[in-house]
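Please work through the exercises below with the structure open beside the text, trying each task before reading its solution.

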Amino acid sequence: EQGFGILKRFAMALIEKYHTEYFGAQAMRVGVLQFGNGVIMEDGSVSPAINVQPLTQHMELVKDSLEFLPYKKGFTNMAQAFALAETMYTQNGRKSAQSAILVITDGKPSFQFQTHEMVEQLDDKNVQRFFIVVHENGGDDLAQMQKWASVPWETNLIHVPGLEALEADLSVWTQ
């Protein structure tokens, strides 16, 4: 739960950097979805990710949704997060704008095959995928997320070497 609080503070600091208008014109919409609440349901399916804040240009709504985001116990249901992101784009995205998803995670991705399939679907729809992976040593999980990040992964994935490094100076990582 303490690690979730650090990630939440990071997301809130990061969202301060975003601007939804550029010279008076709408430049972007931002939404928030939560995963890491994974459980196996009675029917054998995995619990869905949570649409915390639909895509909006109102950053105060985004900030509030992050501030009051509750900690959920569960495994990292990243495939469900990607499925929900795709739904958010089809329901409320702008056809003339590039769709992108930023994944902030400190968890080990569960159900890698299903997650890979969802990444392929996003790739087929030209959805840009960015990752911020907060993990002390990375290893195989980091290598997997490098494959899931948009090409070239070197510009679309940031590895933060642990929660302590992130918490020590959020401003370094929000740049």
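In what follows, buried means under 20% relative accessible area, exposed means over 50%, and partly exposed lies in between. The model is a predicted one, and it holds five salt bridges.

**Exercise 1.** Find the salt bridge between glutamate 16 and lysine 63, and determine whether each of the two residues is buried, partly exposed or exposed.

*Solution.* Begin with the contact itself, in which the closest N and O atoms of glutamate 16 and lysine 63 are 3.5 Å apart. This pair links distant parts of the chain, since glutamate 16 lies in the loop between α1 (2–15) and β1 (21–22), while lysine 63 belongs to helix α2 (residues 59–67), 47 residues apart. Next, glutamate 16 has a relative accessible area of 47% and is therefore partly exposed, whereas lysine 63, with 19%, is buried.

**Exercise 2.** Which residues are linked with lysine 63 in a network of salt bridges?

*Solution.* Lysine 63 also forms a salt bridge with glutamate 60, with the closest N and O atoms 3.4 Å apart. These two residues are separated by about one helical turn, because they stand three residues apart in helix α2. Glutamate 60 counts as exposed, at 51% relative accessibility. Taken together, Glu16, Glu60 and Lys63 form a linked network.

**Exercise 3.** Determine how far apart the closest N and O atoms are in the salt bridge between lysine 125 and glutamate 86, and where each residue lies.

*Solution.* The closest N and O atoms of this pair are 2.0 Å apart. Lysine 125 sits in the loop between α4 (112–124) and β6 (128–134), and glutamate 86 in helix α3 (residues 78–92), so that distant parts of the chain, 39 residues apart, are linked. Lysine 125 is partly exposed at 47%, while glutamate 86 is buried at 13%.

How values were computed:
Residues are numbered from 1 along each chain as its sequence is written. This is a predicted model: local features need pLDDT of at least 70, side-chain atom pairs count only at pLDDT 80 or more; totals for chains, interfaces and linings use all residues. Side-chain values use heavy atoms; hydrogens and water are left out. A salt bridge is a side-chain nitrogen of Lys or Arg within 4 Å of a carboxyl oxygen of Asp or Glu. Helices (H or I, at least four residues) and strands (E, at least two) are DSSP runs, numbered from the N terminus. Buried means under 20% relative accessible area, exposed over 50%, partly exposed in between (1.4 Å probe, protein chains only).
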